[in-house]
Amino acid sequence: MTRFQNGSCLLSHTFFRSKKTPSTSPNAALLQGNLHIQQYRHFSNVARVTTKEEKEPLWKDSMDRLRNIGISAHIDSGKTTLTERILYYTGRIHEIHEVRGRDGVGAKMDSMDLEREKGITIQSAATYCTWSGYQVNIIDTPGHVDFTIEVERALRVLDGAILVLCSVGGVQSQSITVDRQMRRYEVPRLAFINKLDRMGADPWKVLNQARSKLRHHSAAVQVPIGLEDDFEGLIDLVKMKAYYFHGSNGEKVVTAGIPIEMEALAAEKRRELVETVSEVDDKLADAFLTDEPISTSDLEEAIRRATVAKKFVPVFMGSAFKNKGVQPLLDGVLSYLPSPTEVVNYALDQTKDEEKVVLSGTPDGPLVALAFKLEEGRFGQLTYLRIYEGVIRKGDFIININTGKKIKIPRLVRMHSDEMEDIQEAHAGQIVAVFGVDCASGDTFTDGSVKYTMTSMNVPEPVMSLAIQPVSKDSGGQFSKALNRFQREDPTFRVGLDPESGQTIVSGMGELHLDIYVERIRREYKVDASVGKPRVNFRETITKRAEFDYLHKKQTGGQGQYGRVCGYIEPLPQGSTTKFEFDNMIVGQVIPSNFIPSIEKGFKEAANSGSLIGHPVENIRIALTDGAAHAVDSSELAFKLASIYAFRQCYDAAKPVILEPVMLVELKVPTEFQGTVAGDINKRKGVIVGNDQDGDDSILTVHVPLNNMFGYSTSLRSMTQGKGEFTMEYKEHSPVSQDVQMQLVNTYKACKAAE
């Protein structure tokens with residue numbers, strides 16, 4: 001008997017809402033829910049013979065009426081403003097505040113003081129709302145590339161997303177990155193072209209850019225009525241109706257006929273929409289090719305099928321700031337984005353050698369939940385969970401598969417930015433948070449009946465480091481507490497110790513990323529920290545094969561040390577997924593097999609610090625071909641030391657080079673300053689790989705070494721009278737030029753000599 005058939009699971013009122021009466025009144029919904037619960041008790045107690053299929057609609061209707069969406073975009077495209085309007089129209093907040101916090105309040109989803117001051121989103125924030133009888137869970141994500149992990153972890157657990165594009169800026173560098181992340185996690189998406197009220201708004205240019213730059217198979221499902229200051233409303237191409245937004249905050253949506261002067265354009269754009277969708281949907285293609293009239297419901301169903309299958313991206317339009325176009329976008333989320341049961345999620349079965357298992361995505365199964373984000377709240381660690389299968393209840397015992405620990409859930413909440421609402425239970429498809437659960441980001445929880453883990457998310461490598469220490473000796477405890485907390489919350493923020501100088505080194509995704517954390521240590525933990533010069537995370541590698549044959553022999557009174565290792569080191573082939581490979585090619589037992597792990601450990605340790613500038617050595621393969629051991633004097637330590645010295649002995653012969661992080665930089669500057677900016681990029685040893693024109697602006701795409709990009713924002717402002725802007729993201733590590741290598745090696749040697 002399943003947990004549903006024994007009547008023990010009474011779910012939240014959204015679970016049992018009838019499709020016929022999509023009342024948004026909470027009281028009506030609660031009464032309805034209670035009525036269903038009574039019916040359900042009657043079913044489970046009297047008609048226990050009822051089949052599972054007859055009961056399925058009880059939870060199925062609720063699952064169909066659930067959407068998990070994220071809002072992502074390039075920085076400053078209007079994500080948080082859009083979320084603010086969605087919360088207002090769905091009744092979750094009762095007044096609208098602007099992102100920049102000019103009124104001293106700031107947007108609901110930017111709950112940190114720093115976010116309100118800077119007018120940017122730093123942490124992704126979760127909330128939920130109800131629209132037309134559907135429950136929508138929303139995660140608002142940052143746009144700045146330094147906080148890319150926040151976008152990664154949000155997309156990992158979402159079923160659908162809204163990609164916001166600026167109608168003036170178009171498809172920008174970060175739009176491309178976010179879209180790439182959506183592809184990686186196979187998230188179906190809608191595009192929303194925002195800011196149609198701004199000077200220079202051109203939605204059709206943006207739509208063409210989405211097709212060419214993002215390779216979207218897309219078409220508009222709306223046409224704007226007027227643009228810039230004349231932007232009045234929208235024409236819905238599926239229903240062929242016009243929408244106008246009246247009232248002080250655009251809350252009254254007035255439906256009217258299409259203006260006569262726009263009928264021809266609307267008919268042409270609708271035909272384009274039908275044609276684009278029919279290219280990827282066979283059912284619509286049949287009707288289109290035979291010239292049958294295509295009804296509203298036929299087109300709507302075809303768009304939904306194509307969007308859920310990730311073959312089509314419907315494009316919506318509007319201006320979130322001017323309160324126009326948000327309600328039809330919400331309707332589009334319900335109509336075209338998938339419910340949790342329509343998305344295929346996999347888990348890895350740990351009992352069957354990580355075999356892939358398809359999760360049903362229903363409450364009628366064993367609990368499987370993923371911890372995708374950690375936050376230090378007022379009441380201890382807050383863990384955000386996405387439930388993929390089963391039901392979780394307050395007071396339940398759950399098992400962390402990654403650590404094997406059994407944990408009781410003391411408190412279960414639903415999040416609304418930084419506010420919480422206590423709940424008794426949650427079911428598959430929902431995003432909730434729990435308190436008092438000790439875990440790491442990416443851990444999987446189950447009820448103990450299965451041993452599944454969810455695949456983890458992609459975590460980019462940090463590219464920049466700073467030396468940091470507290471100004472006052474007394475605040476060391478608070479300082480280490482802050483670093484530990486931030487490290488747990490953010491997988492891209494790393495803390496290490498420089499073994500030579502004894503300094504604490506923090507690493508992150510860029511200058512802004514590390515600045516924000518230094519500022520948070522000051523504000524949240526009242527610790528003033530002094531920060532050293534930013535340090536680039538160089539790497540070393542080798543360019544040719546080199547042999548080693550090293551004998552480590554030490555004889556003092558008593559047992560001595562003896563270990564001999566022979567073999568070669570060589571660079572790994574281009575594009576190799578691993579950074580270090582160790583091959584034991586010894587035939588026979590010249591070295592007893594129990595010493596081999598110590599040899600590997602010794603080489604790994606030696607590769608942590610190359611002899612050129614003391615940075616880690618990557619992309620190397622070490623092959624052990626021969627060696628010798630002593631019956632008495634050989635030990636694990638002797639072989640470990642032998643391999644460390646062998647590595648150092650042959651390293652210079654392998655022609656080592658230094659690798660530096662190269663950044664992909666996109667610059668947008670007025671054309672009059674293009675020459676000056678390009679000259680400055682050349683000075684910084686940058687390579688211009690692309691040059692586009694966008695109105696009066698030039699868009700340059702360049703590859704520049706990170707080491708030459710410190711303080712660039714100030715230089716760019718002074719070169720362009722404050723009109724230039726740039727975004728920067730990590731591209732790859734590549735070899736430095738010979739003169740730079742000499743300079744770095746000499747600096748490193750001078751520092752060592754001074755010590």
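Buried means under 20% relative accessible area. The views below come from a predicted model.

**View 1**
Asp179 is buried, with a relative accessible area of 2%.

**View 2. Lys322 and Asp197 join two loops.**
A salt bridge links the side chains of Lys322 and Asp197, at 3.5 Å from N to O. Lys322 lies in the loop between strand E11 (313-317) and helix H12 (326-336). Asp197 lies in the loop between strand E5 (189-194) and helix H8 (203-213). The pair therefore ties together parts that are 125 residues apart in sequence. Lys322 is partly exposed, at 41% relative accessibility. Asp197 is buried, with a relative accessible area of 13%.

**View 3. Lys269 and Glu272 meet in a salt bridge.**
The N to O distance between these side chains is 3.7 Å. Both residues belong to helix H9, which covers residues 263-278. Lys269 and Glu272 are three residues apart there, so about one helical turn lies between them. Which of the two is buried, and which is partly exposed? Lys269 is buried, with a relative accessible area of 13%. Glu272 is partly exposed, with a relative accessible area of 24%.

**View 4. Asp179, Arg183 and Arg189 belong to one network.**
Salt bridges that share partners join these three residues. A search of the whole structure finds 26 salt bridges.

**View 5. Helix H4 is largely enclosed by the rest of the structure.**
H4 covers residues 79-89. How many of its eleven residues are buried? Eleven of the eleven are, so the helix is largely enclosed. Among the buried residues are Lys79, Glu84 and Arg85. Leu82, Ile86 and Leu87 are also buried, as are Tyr88 and Tyr89. Thr80, Thr81 and Thr83 complete the list. Just after H4 comes Gly91, which takes a positive phi of about 80°.

Notes. Residues numbered from 1 in each chain as written. Predicted model: local features only at pLDDT ≥ 70, side-chain atom pairs only at ≥ 80, totals over all residues. Heavy atoms only, no water. Salt bridge = Lys/Arg side-chain N within 4 Å of Asp/Glu carboxyl O. Buried < 20%, exposed > 50% of the residue type's maximum accessible area, 1.4 Å probe, protein only. Helix = DSSP H or I, 4+ residues; strand = E, 2+ residues; numbered from the N terminus.
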